[in-house]
Amino acid sequence: MSLFEVKAEIPPGAADAMDNALLEHGLEKWSILEDAIAKQAWIVGILADEPAARAEWATVVPLLAAAGAASLGAPAIRTLADADWRDSYKAHFHAWQFGRLHWVPVWEREKFSLPPGDAVLWLDPGLAFGTGNHETTRLCVERLVKLAETGDRKPEDRRVIDAGCGSGILALSAALLGFRDVTGFDNDPEAVRVSEENAVLNGLAGRVKFFAGDLTSGLAAQPADVVLANIQADVLMRFAAGLIGAVAPGGVLVLSGILAVECDRVRTVFGGAAPGWAVESRVLGEWSDVVLRRPE
């Protein structure tokens, strides 16, 4: 299969702002690459065909300007075989670990040695499956690992919902950590399809249920012991009541996708909507999470 790569060099100082803008606008087919030694940075997009590549570039240009990269020339667009994309990606993605959970690219499967008692999520980065390396995802998965290790109830006795599952990373991680009855939903049917493919890749087909839904229909089922929502802050606040209502007594709501400068506002909104719940947060890079615990 041939794909199309769109690549343009950007000022290194604009890299972080542009990375944030891509996440906030849900532009998952784009990424920022940096060479710290050479002090260079690029924005790279992988699209299915050339018209889509040019149309997506037109969407990205205003975001670049706002991030301080306004004086760019035309991007380089070239045909990229799928194998070439995978090979180029290997230079930017490596295995990482938190607690007993390892996230490992599939090309390291043969040489990877899993420590006894640990679990591994195999990642096959492509057009839609992220690596989990972004701070917002790490904040959530680190909370998951700690939740699996603490509390009076074992993970297998707790239900998990991944709201806005994207490529299924958090839901699949929860299943590997032993949580039962794990479900994930997204309003994009393509995200649901990719999540199901990644469940198969990890031998978790049937263990995790993925379905298409929004923050109203997706949360309409019975409350869960752990609700995860890695979504941008304005959406989280708009649906605060529904997210809070989806948490069972004694349960936990983990919110991410929140810029550090937005953290206090999100805490205020959710704290006001859930009086009596314990609220905490932490910052990783330019991002933060907000965690609420419902009383028993």
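**Ground rules**

I am working with a predicted model, where local features need pLDDT of at least 70, side-chain atom pairs count only at pLDDT 80 or more, and totals for chains, interfaces and linings use all residues. Residues are numbered from 1 along each chain as its sequence is written, and side-chain values use heavy atoms, with hydrogens and water left out.

**Entry 1: the whole protein**

I looked up the helices and strands and found nine helices and 14 strands. These are DSSP runs numbered from the N terminus, with helices being H or I of at least four residues and strands being E of at least two.

Next I checked burial: 48% of the 296 residues count as buried. Buried means under 20% relative accessible area, exposed means over 50%, and partly exposed lies in between, using a 1.4 Å probe and protein chains only.

Then I turned to contacts, meaning heavy atoms within 4.5 Å. Among contacts with a separation of 6 or more, 66% are between residues 24 or more positions apart.

**Entry 2: Met18**

I found Met18 in helix 1 (residues 15–24). Met18 is buried because its relative accessible area is 0%. Not counting residues up to four places away in sequence, Met18 touches Ile32, Ile43, Val60, Leu63, Leu64 and Ala67. I followed up on Ala67: Met18 and Ala67 are 49 residues apart in sequence, yet 5.6 Å apart in space, C-alpha to C-alpha.

**Entry 3: Val266**

Val266 sits in helix 9 (residues 263–273). With a relative accessible area of 0%, Val266 is buried. Leaving aside neighbours within four places in sequence, Val266 is in contact with Ala233, Met237, Leu255, Ile258 and Val290. I also looked up Leu236, 30 residues from Val266 along the chain, and their C-alpha atoms are separated by 8.1 Å.

**Entry 4: Glu142**

Is Glu142 buried or exposed? Glu142 has a relative accessible area of 13%, so it counts as buried. Its place is in helix 4 (residues 135–149). Apart from neighbours within four places in sequence, Glu142 is in contact with Phe98 and Arg282.

**Entry 5: strand 9**

Why do I call strand 9 (residues 180–186) largely enclosed by the rest of the structure? Because five of its seven residues are buried. Strand 9 pairs with strand 8 (residues 159–163) in the parallel sense, over five bridges. Two strands pair if DSSP finds at least two bridges between them.

**Entry 6: strand 12**

Strand 12 (residues 247–259) is largely enclosed by the rest of the structure, because eleven of its 13 residues are buried. I looked up its partners. Strand 11 (residues 224–230) and strand 12 run parallel and are joined by six bridges. Strand 14 (residues 287–293) runs antiparallel to strand 12, also with six bridges.

Which residue is the bridge partner of Val226 in strand 12? I found Val252. Val252 also stands opposite Arg293 in strand 14.

**Entry 7: the second largest pocket**

On a 1 Å grid over the protein atoms alone, a pocket is an open set of points with protein on both sides within 12 Å along at least five of seven lines, and lining residues have an atom within 4 Å of a point. The second largest pocket has a volume of about 270 Å³. That volume is the space filled by probe spheres set on the points, which are joined across faces, edges and corners.

The pocket is lined by 14 residues, and Gly151, Asp152, Arg158, Gly250 and Glu296 lie nearest its centre. Strand 12 gives the most to this lining, with four residues. By class, I count three nonpolar, four polar and seven charged residues. Here Ala, Val, Leu, Ile, Met, Phe, Trp, Tyr, Cys and Pro are nonpolar, Asp, Glu, Lys and Arg are charged, and the others, Gly among them, are polar.

**Entry 8: cysteines**

How many disulfides are there? A disulfide is a pair of cysteine sulfur atoms within 2.5 Å, and by this rule I get zero.

Methods: 1 Å grid on protein atoms, 1.4 Å probe; cavity = no way out; pocket = protein on both sides within 12 Å on 5 of 7 lines; lining within 4 Å.
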